[in-house]
Amino acid sequence: MPRRLLSAAAACTLLLGLAACGEGGDGPVTTPPPSIDIAGPSDGGGDGGGASDGGGDEASPSAAPEVPAPDPADYPGMDKNTEEGAQQFTRYFFALLIWGYQTGESADLETLYSDNCQTCESNVEPIRKYSDMGEKWTPVTIEDVAVENLPVADNEFDVAVHYEAIVSEHDEPSLDGGEPSKLPALHYRIQSGLVWTEDGWLVDDAALELDAA
C-alpha cells in the first residue's frame, strides 16, 4: 500500500549518498547546482581540532567528531499545520537524516515517518549499521536549493513538498568493511508526502532523486 511520489523511471531513486546512478565507478558523480544559504548541520569544528583523533582504537579516515543536532528553532513553524510549516519540517527531516549519517543517531528520526515510508526506512537502516560498526560520515554542510509545495492528488496526503539541497563533499565509510569513499558535493531532490497528526507532521511517503553528471 505505500504510495509512490516519483515513478521508477525517475532519473535515480537511491539511498542517500550510498548509491548513485551514473557511469561506472563506485561513488556518485554529480553536478552541484547553484545553492542558497541554510541553517543546517555544519561541521562541528572545521578540519582543525583533530576530527578523527577522538579516541577510537583505529584512526579511520571516515571517523567524525560529534556534530550538533539540528535545532528545531532553526526551522520556525515546523510544528504548525500550515504549508510553510510542512516545508520547514521537510528541511528539518532532511537535516536530521544527514546528521544521523554523521553521528550514528537515528532514534529521533525514526519517530518522524510512518511504516508506509519505505524510502525513509531504507535510508535510516545504514545509519543503524554505521552505529553498529562505529563508523560515521565526515562532517558536512547542507545548503538549500529550493523548497515548494506540490499538488496533492486524491487527498493521499495532507501536504506534498518538493525540496532540493546540496550536501558538501565528504568521506563515507563502506557498509561492507571496505575502504571509505571520498564523495563530491551531492545534489538531492526530495519529494515527500506528509500527514498531520496530533504529534505534528509525519512523512508518509518519500522519494529521492540524485542529479548525476
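Let me begin with strand β2, from which Val159, Val161, Tyr163, Ala165 and Val167 point one way and Ala160, His162, Glu164 and Ile166 the other way, and all of them are buried, where buried means under 20% relative accessible area, exposed over 50% and partly exposed in between, with a 1.4 Å probe and protein chains only. In a regular strand the side chains alternate between the two faces of the sheet. Counted over the strand, nine of the nine residues of β2 are buried.

A word on the basis of this: the model is predicted, so that local features need pLDDT of at least 70 and side-chain atom pairs count only at pLDDT 80 or more, while totals for chains, interfaces and linings use all residues. Residues are numbered from 1 along each chain as its sequence is written, and side-chain values use heavy atoms, with hydrogens and water left out.

Now to the sheet around β2. It is an open sheet of four strands in the order β1-β2-β5-β6, with antiparallel pairing; strands (E, at least two residues) and helices (H or I, at least four) are DSSP runs numbered from the N terminus, and two strands pair if DSSP finds at least two bridges between them. The edge strands, each pairing on one side only, are β1 (142–150) and β6 (200–210). On average, and with direction ignored, neighbouring strands of this sheet are turned by 25° against each other.

On one side, β2 (residues 159–167) is joined to β1 by eight bridges, the two running antiparallel, with Asn149 opposite Val161 and Ile142 opposite Val167. With β5, the antiparallel pairing of β2 extends over nine bridges, and here Val159 stands opposite Leu194.

Helix α1 (residues 83–103) packs on this sheet, touching β1, β2, β5 (186–197) and β6, and its direction makes about 40° with that of β2. Contact here means heavy atoms within 4.5 Å, and axes are lines fitted to C-alpha atoms, for helices over the stretch in contact, with angles from 0 to 180 degrees between N-to-C directions.

Gln102 itself is buried, with a relative accessible area of 0%.
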